[in-house]
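Please work through the exercises below with the sequence and the 3D structure at hand. Each task is followed by a worked solution.

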Amino acid sequence: MDYYQDLRPSGTLPYPDLIKGYGSTNQQAYFMEPANEVGGFRSGNFRRTMEEKGTETAVAKQFPKFGSLSHHYQMRREGGGWTQLVFYRRNRGTVEHGLGRTGESTFECAKYNILRHARQDDSNNPNYAEKDQGLVTGMDQAMLNLANYPFVSHTVMSAPLLPRRVPLLASHTGEKTGVEGQFSIPQKEQPKAMTNAFRNPELCLKLLFEIAGRWDDLGNLTRTCQMVMFAVNQVSTHVDLTKGNFLNLNFSDEDVKKANERLTAEDIAENGKFIVPGSPAFLVLSNIRGRYRGAEDGEEAPDHQGYPAPPKGRYFRPTAERKIIDTSFRLLSTINMRGPQIRILHFHSTQHLDLSVLKMCLDNLPELKVLGIHNCELLHFGMTVPLLEAIIERNKNPDMSFVRCDFSPFYYYGRQRQDDGRKGEYGVIPSDMGTVDTRRAVTAVLRTAVPLAVENGIDWFTPGTGFRKFLDRLPFSLGSVRYILEALFNIDYFERGLYDTTVDDRWRDPVEQAAFDAILGRTLHSDLVLAVHGKAMEKSTLEATMTLRGDFHLVTCAFCKAELPSYLYAENSAYRRADQIQCSGCQLRTLLDHQIDNFFQEKKQVVRRLFDDPRITDLASFLNAKRVATQQEIDNPLFPFYDLAVKTRTEVYVASSDGLVLDGRPSPNHPAETKEIWVWRERVMRAMKYARVHIDDGPRQAQEVIARCRRRIDRLNAAYINGNLRGQFQIKRNRDKVDDLMRYIDQELARCGQGQMGGRHGTVLAADWDSEISKYRQFVQAQAGVVENQGPYNTVWNNTRTGFW
């Protein structure tokens with residue numbers, strides 16, 4: 001993200017600091033209050049009104065920790081008159097929540113200066129001061145090539161926590177079991193104290209107990225030196241979900257020992273013995289990408305702008321059908337077998353992990369201390385509050401250990417396109433259908449999540465956690481994420497009555513106190529709205545979001561019960577009846593739960609089919625439940641009885657050799673125990689069949705549907721062009737039908753993960769990275785003087801060389 005900063009020891013940026021630039025020019029385009037707050041201050045067209053000075057003095061006297069009120073500024077209009085603007089407070093009191101980071105401006109500006117894709121009029125050169133930018137070369141070109149990552153030739157996945165061994169069978173003495181790309185034992189000498197700490201497995205594990213619950217901090221630690229990365233890798237046990245290699249953790253040590261005893265000398269000479277599982281104290285489950293298999297005839301050349309051609313090679317990808325047995329069943333078996341031994345557990349991009357499965361796992365991890373859930377597809381941002389509640393419920397159980405949890409919701413990337421790279425990247429949603437403003441929706445969800453987490457000692461919001469890293473990756477306005485969180489923390493701090501007052505409770509006037517509460521509440525919620533909005537707002541517009549007939553008033557969501565300014569509601573929802581009002585956060589959760597992109601609904605259905613049986617109430621019942629097959633099922637040749645049966649054919653035959661039916665199945669005269677089948681096997685087979693038909697075969701079925709739709713579109717267009725339609729009614733119906741079919745094609749492409757849905761008639765509402773980066777470049781180029789004003793009819797608005805205005 002900020003690779004230029006990493007390459008420049010001086011710490012200077014190779015691009016302008018727009019946050020610093022806002023301090024002197026274009027101040028109304030930023031949300032933070034101008035730095036100079038002296039009374040009567042003028043900067044350009046700005047003048048502070050000082051109208052709130054008397055009230056602010058009274059607040060400061062009674063609530064010394066609160067800080068200032070929202071200051072009002074007047075900006076001169078062209079042609080005369082003034083506009084009153086409100087900014088985010090610069091003086092927010094003495095309460096520090098630890099949400100900031102060192103070099104914050106550098107970090108924020110770096111997010112908006114990455115090489116996202118080639119543009120028509122821009123060569124991706126971050127030096128905005130040049131009018132005529134050359135083609136990308138050197139480091140710029142190398143970074144641009146990463147647009148195809150991981151589909152890049154001669155690369156392997158090299159990251160912390162790689163597995164120590166890959167095959168299920170450990171080879172005989174002398175053969176290596178590491179994977180290519182794993183970091184070797186470091187050769188350079190590290191500081192002695194640090195080396196001793198990390199070379200001691202027990203001490204290393206104790207250090208990880210403290211930091212493994214903060215995913216970004218753990219990643220930063222492993223990047224400090226090769227030795228630390230190697231030590232963390234050695235002390236952890238890493239399961240490869242891509243190949244379903246659980247390192248025999250789903251078997252007991254006794255089972256492995258018995259299996260090795262049954263091996264012959266020839267088996268051992270050929271394949272070696274079954275490996276004895278390592279310690280599962282620190283268990284990581286994730287997909288491990290193997291070597292990229294490039295095309296035999298090589299990759300295509302980049303285009304004329306330097307953007308790399310689409311990859312022609314491939315990686316090994318297991319089918320959805322195989323993932324169920326290789327991932328879901330073996331995962332549950334491992335948790336059941338090794339649960340009491342696991343202290344640190346990380347789920348990374350784990351398939352079929354939803355909240356119900358996670359709760360089932362937590363019930364079997366009595367000694368768990370650290371839980372990390374990162375980028376799992378079924379646990380999207382809409383699951384933030386339910387997941388928090390599940391962790392809180394677990395921590396209140398006196399029979400269970402206290403768990404420190406970190407959560408990174410699933411991040412949705414934009415689709416990669418050859419002509420203009422990756423566009424449509426919203427982060428929190430897969431497609432923008434013009435229904436949800438994602439900035440407001442994310443903030444509305446956080447309004448519930450922040451108090452819940454703070455009250456129960458869960459830290460998801462300080463820099464270094466996986467959840468904060470997810471928020472930093474979302475396309476909010478420049479520099480606003482920290483201040484949105486700070487506003488939410490301040491509101492929670494205020495609602496819990498933690499702003500100390502100098503007035504004794506015995507002498508408080510209830511009417512006066514209510515007035516002070518309204519003033520403080522309005523100020524804090526103004527900060528929240530301004531940070532989400534990303535720039536200053538007119539005073540009248542801001543006050544309308546939180547006042548009713550002149551009094552401070554918040555709208556209560558009928559679903560999550562959060563009290564929010566009307567700014568955080570969709571317009572068509574804010575004016576409904578009280579029992580129908582829905583905030584943007586609840587709308588976002590509904591959208592995410594009902595999305596269709598990339599077979600999301602089918603994947604949820606797979607999990608339902610795995611556990612859709614009244615006998616399954618927990619993990620033990622899932623793995624041990626049995627039922628007696630009906631005679632109708634036994635008589636059905638399509639029913640795979642012996643694939644599900646508890647007893648083998650031999651045991652059924654020994655029980656009674658008379659009256660066997662079909663392929664040796666028990667007859668009605670056989671005892672019930674010979675007809676028992678495993679419930680888990682039945683559920684797994686049903687889920688595998690569903691996955692094969694609806695996910696693995698889904699793209700082929702979708703292509704057939706799309707082909708039929710396109711043939712219908714061709715016929716409708718032919719009727720329209722040939723003039724075979726009579727009257728405006730038939731013409732309108734013809735065009736509406738074409739629009740519906742085109743939208744259905746987009747829906748099918750999105751369902752298969754090959755496209756994105758769009759809003760009706762091009763409606764857009766969600767924040768996306770392309771737009772935010774474009775805005776950043778607009779303002780930087782204007783400040784750098786790249787844009788030339790050539791007269792009233794060739795203004796800055798249509799003269800920018802990149803064409804973004």
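**Exercise 1: the sheet**

Describe the order and pairing of the five strands.

Solution. The five strands make up an open sheet with the order 5-6-7-8-9, and the pairing is parallel. Strands are DSSP runs (E, at least two residues) and helices likewise (H or I, at least four residues), numbered from the N terminus; two strands pair if DSSP finds at least two bridges between them. Strand 5 (237-240) and strand 9 (404-408) are the edge strands, each pairing on one side only. From one strand to the next the twist averages 10 degrees.

The model is predicted: local features need pLDDT of at least 70, side-chain atom pairs count only at pLDDT 80 or more, and totals for chains, interfaces and linings use all residues. Residues are numbered from 1 along each chain as its sequence is written, and side-chain values use heavy atoms, with hydrogens and water left out.

**Exercise 2: a strand pair**

State how many bridges join strand 8 to strand 9.

Solution. Strand 8 (residues 370-374) runs parallel to strand 9, and five bridges join them. Within strand 9, aspartate 406 stands opposite glycine 372.

**Exercise 3: a helix pair**

Determine how helix 13 and helix 14 pack.

Solution. Helix 13 (residues 355-362) and helix 14 (residues 384-395) pack at an angle of about 15 degrees, their axes 11 Å apart. Axes are lines fitted to C-alpha atoms, for helices over the stretch in contact (heavy atoms within 4.5 Å), and angles run from 0 to 180 degrees between N-to-C directions. Helix 13 is therefore roughly parallel to helix 14, a term for angles under 35 degrees.

Conventions
Angles under 35 degrees count as roughly parallel, over 145 as roughly antiparallel, 65 to 115 as roughly perpendicular and the rest as oblique.
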